[in-house]
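Subject: Handing over the structure, with notes on what was found

Dear colleague,

I am passing this structure on to you, and the notes that follow it are meant to be read with the model open.

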Amino acid sequence: MVAMLIEFLGAAHEVTGSCHFVSFGNTHFLVDCGMEQGPDLYVNQEIPVNAAEIDYVFVTHAHIDHSGLLPLLYSHGFRGKIFATQATCELCNIMLKDSAHIQMFEAEWRNRKAKRAGKPEVVPLYNMDDAQGVLEHFVPCAYETPVQVTDDLKIRFVDAGHLLGSSSIEIWIREDGEEKKLVFSGDIGNGNHPLIKEPVCLKDADYVVMESTYGDKNHTIPPDYASALAGVVKDTFIRGGNLVIPAFSVGRTQEMLYFLRRIKTEHLLPEFENFEVYIDSPLAVEATNIFHKSVAECFDEEALELVRQGINPIGFPGLKTAVTSEESKMINFIQKPVVIISASGMCEAGRIRHHLKHNLWRKESTILFVGYQVPGTLGFHLLNGAKEVKLFGESIEVHAKIENLPGISGHADKDHLTKWAASFAEHPPKKVFIVHGDDAVCDSFAAHLREELGYDATAPYSGDIYDLATGACIKEGSRDQIKKKEKATNHASSNVFARLLAAGQRLLTVINKNEGLANKDLAKFADQITALCDKWDR
């Protein structure tokens, strides 16, 4: 009997934490392994097999909500291969290490407070060793080039136009002579973005898993972003304040540099020709260097033409970087208005929180949001009128001007998503699964595809399992909206014990893989396990 199954784990009726599990025959793989950001609406189903039994991970792009749990997977025993585009591999090299650094720093900070309050120790979700370890398992791939992973598994990456290196992934799997083609959209770009190419539309698939972040709305007609940004800079500088831009270190920061370069070269701000821009994010600085290395493969024609003319698309006079913490702190002592671009884009962590602390209370300053804010994040609260926020245990009144630059989005809107889905119309898929959207949006966009394109579209929940041979749902996950409990798993006792359990499960996997080994080697292995058990048996 043919057994091809897909189980939806993360980003099911939620925007972040993308993770999908596919199994056929003896092969298990994940498409993305992302971290949830902001509040969790649903309790996600765990990966149904031990991490050591996962053979491959295919990563659509480097954003943490698609790649951020790979080090945790490694710490639980994963030792398979991770396939991604060249640029995604390079970006993950900095982003996963940065994520590990944040995990470790926050655990250390919390432990200082916990110790004084007599609370349990906190351990990071994963550490730098885990990040370094998993990075050794990445396999860089070129766009448009088929990769024969095994005799029964083939993949191909195509440009999704969302981020440098972002991709949709075509996957062909074969079991008992029957082949099925799956397409995972990844995050689909909005089009007309500076630097990166347009999304590639695909023509055929048996099953499509696609995102729906903006599946319920269309972006406004894009303004001239450089002119709009120049207006915000001018307004802020006339008031004598700083323009603080929370921006993702990878993608959005480089786009903002592109527009700021235009402001300079096109003299859109004659009153403040020599204004300074500070990138305060070591990660953003490293990511910008990777953008420079990826010109030929990833840049669009407009950016390529600038390069041919000897123009750096994201560089200009007055651009400064802050890498060390001391350089970051000194920005707040500058006695003239400046532009500060810092991470994270949703204000949940990183250096941006320090700049908010120094600028939110100033009526002269402006906080400019240039990307999607997940409900529940600090960025979301500020954008929706919060009058007071807490930063580093201190209440800060919000007097700064809060602005949003409409239309700047790395995600396709409803019309663009529909256009991408419609490319399959000549060979309609058996089923389209809608993920990576707010709770109601996933359902409404699935209904839209049913009505507009006649597709069999559904929005699965975490834990839903579908048989790819028949298209039938063979198990339903939880439909209950359950708020996550306080993160008890951060306590050292539970988190480390979970790691121990994962190690034990990995040991069983390794034992099974060694069946058929020479008897003397098996006996030696058994003696080593017995000795270990004798040492720790209580």
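In helix α9 (residues 301-308), the buried residues are A303, L304 and L306, where buried means under 20% relative accessible area, exposed means over 50% and partly exposed lies in between, judged with a 1.4 Å probe and with protein chains only. Helices (H or I, at least four residues) and strands (E, at least two) are DSSP runs, numbered from the N terminus. After α9 comes G310, whose phi is positive, near 80 degrees.

Before going further, please note that this is a predicted model, in which local features need pLDDT of at least 70 and side-chain atom pairs count only at pLDDT 80 or more, while totals for chains, interfaces and linings use all residues. Residues are numbered from 1 along each chain as its sequence is written, and side-chain values use heavy atoms, with hydrogens and water left out.

Leaving aside neighbours within four places in sequence, S409 is in contact with N190, H193, Y214, H219 and R252. One of these, Y214, is 195 residues from S409 along the chain, yet their C-alpha atoms are separated by 9.6 Å.

G191 lies in the loop between β10 and β11 and counts as buried at 7% relative accessibility; not counting residues up to four places away in sequence, G191 touches E198 and P199. G191 and H162 are 29 residues apart in sequence and 8.3 Å apart in space, C-alpha to C-alpha. R362, for its part, is found in the loop between α11 (352-359) and β16 (366-369), and R362 counts as buried because its relative accessibility is 19%. Its contacts, leaving aside neighbours within four places in sequence, are G240, G241, N242, H399 and A400.

Turning to the aromatic rings, the structure holds 14 aromatic pairs. Rings of Phe, Tyr and Trp (its six-membered ring) pair if their centres lie within 6.5 Å, and planes under 30 degrees apart count as stacked, over 60 as edge-to-face and the rest as tilted. The rings of F8 and Y466 have their centres 6.2 Å apart and their planes at 85 degrees, so this pair is edge-to-face. The pair links distant parts of the chain, with F8 in strand β1 (residues 4-10) and Y466 in strand β22 (residues 465-467), 458 residues apart. F8 is buried, with a relative accessible area of 0%, and Y466 is buried as well, with a relative accessible area of 7%.

Which kind of pair do Y225 and F259 form? Their ring centres are 5.2 Å apart and their planes are at 50 degrees, so the pair is tilted. This pair also links distant parts of the chain, with Y225 in helix α5 (residues 225-239) and F259 in helix α6 (residues 252-265), 34 residues apart. Y225 is buried at a relative accessible area of 11%, and F259 counts as buried at 4%. Elsewhere, F24, F29, Y56, F58 and F83 form one aromatic cluster.

With kind regards

Methods. Contact means heavy atoms within 4.5 Å.
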